[in-house]
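Subject: Model handover, with notes on helix packing and aromatic pairs

Hello,

Here is the structure you were waiting for. Please open it alongside these notes.

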Amino acid sequence: MMVFQVVGAFFAVFGFSIYLDVPKKYLRYCGYIGAIGWFVYLMAVKKMNVLMATFLATATIAFISHICARIFKAPVTVFLIAGIITLVPGAGMYRTVSQILLGNRSLAMEYLQETIQIAGMIALAIFIIDAIFRMIQAKKWKEKLPVKHK
């Protein structure tokens with residue numbers, strides 16, 4: 001079952017990448033990144049809560065996206081935006097609106113809270129990985145600067 005989900009994630013991200021007009025040479029890499037991220041999520045959610053699993057999967061996607069961006073000399077967003085699509089909590093927003101329309105405000109608030117927390121974990125993981133790569137890049141820039149002699 002998990003294999004089908006990971007393969008499905010690959011094709012979902014691949015298709016979404018086409019919709020985003022990702023250059024053809026990067027489509028399969030976006031699919032791989034999304035599939036790896038979904039695999040990490042599926043493995044992590046067995047041992048931890050949804051929030052931590054989402055954080056770990058997003059951090060993995062962000063890390064691989066940064067690596068691919070440097071290898072292929074492309075913007076990180078080419079790989080990152082497509083790669084995280086499987087983790088975006090669209091179903092949570094659907095449940096929230098559905099419960100509001102059914103008049104179950106307390107259940108709607110629970111779904112909304114969970115959805116916001118998941119979105120926050122996605123943003124936090126992206127921010128942390130991006131900050132790490134920026135620190136590494138800043139260190140490399142400092143090493144390249146000419147040394148001033150006194």
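This is a predicted model: local features need pLDDT of at least 70, side-chain atom pairs count only at pLDDT 80 or more; totals for chains, interfaces and linings use all residues.

Residues are numbered from 1 along each chain as its sequence is written, and side-chain values use heavy atoms, with hydrogens and water left out.

Helix packing

Helices here are DSSP runs (H or I, at least four residues), numbered from the N terminus. Axes are lines fitted to C-alpha atoms over the stretch in contact, and angles run from 0 to 180 degrees between N-to-C directions.

Helix H3 (residues 50-72) packs on helix H6 (residues 105-144) at about 35°, and the axes are 8 Å apart. The contact (heavy atoms within 4.5 Å) includes Phe55, Phe63 and Ile67 of H3 and Met121, Ile129 and Phe133 of H6. By class, the contact of H3 with H6 has 17 nonpolar, five polar and two charged residues. In that count Ala, Val, Leu, Ile, Met, Phe, Trp, Tyr, Cys and Pro are nonpolar, Asp, Glu, Lys and Arg are charged, and the others, Gly among them, are polar.

Helix H5 (residues 90-102) also packs on H6, at about 165° with axes 8 Å apart. H5 is therefore roughly antiparallel to H6 (angles over 145 degrees). On the H5 side the contact includes Met93 and Ile100, and these residues meet a set in H6 that includes Leu107 and Tyr111. The contact of H5 with H6 divides into six nonpolar, four polar and two charged residues.

Aromatic rings

Rings of Phe, Tyr and Trp (its six-membered ring) pair if their centres lie within 6.5 Å; planes under 30 degrees apart are stacked, over 60 edge-to-face, and the rest tilted. The count comes to 11 aromatic pairs.

One of them is Phe10 with Phe14, stacked at 5.9 Å centre to centre with 25° between the planes. Both lie in helix H1 (residues 2-19), four residues apart, about one turn of the helix. Phe10 is buried at 16% relative accessible area, and Phe14 is partly exposed at 26% (buried is under 20%, exposed over 50%, partly exposed in between; 1.4 Å probe, protein chains only).

Tyr29 and Phe72 have ring centres 4.5 Å apart and planes at 40°, so this pair is tilted. Tyr29 lies in helix H2 (residues 27-45) and Phe72 in H3, so the pair ties together parts 43 residues apart in sequence.

Regards

Technical notes:
Helices (H or I, at least four residues) and strands (E, at least two) are DSSP runs, numbered from the N terminus. Angles under 35 degrees count as roughly parallel, over 145 as roughly antiparallel, 65 to 115 as roughly perpendicular and the rest as oblique.
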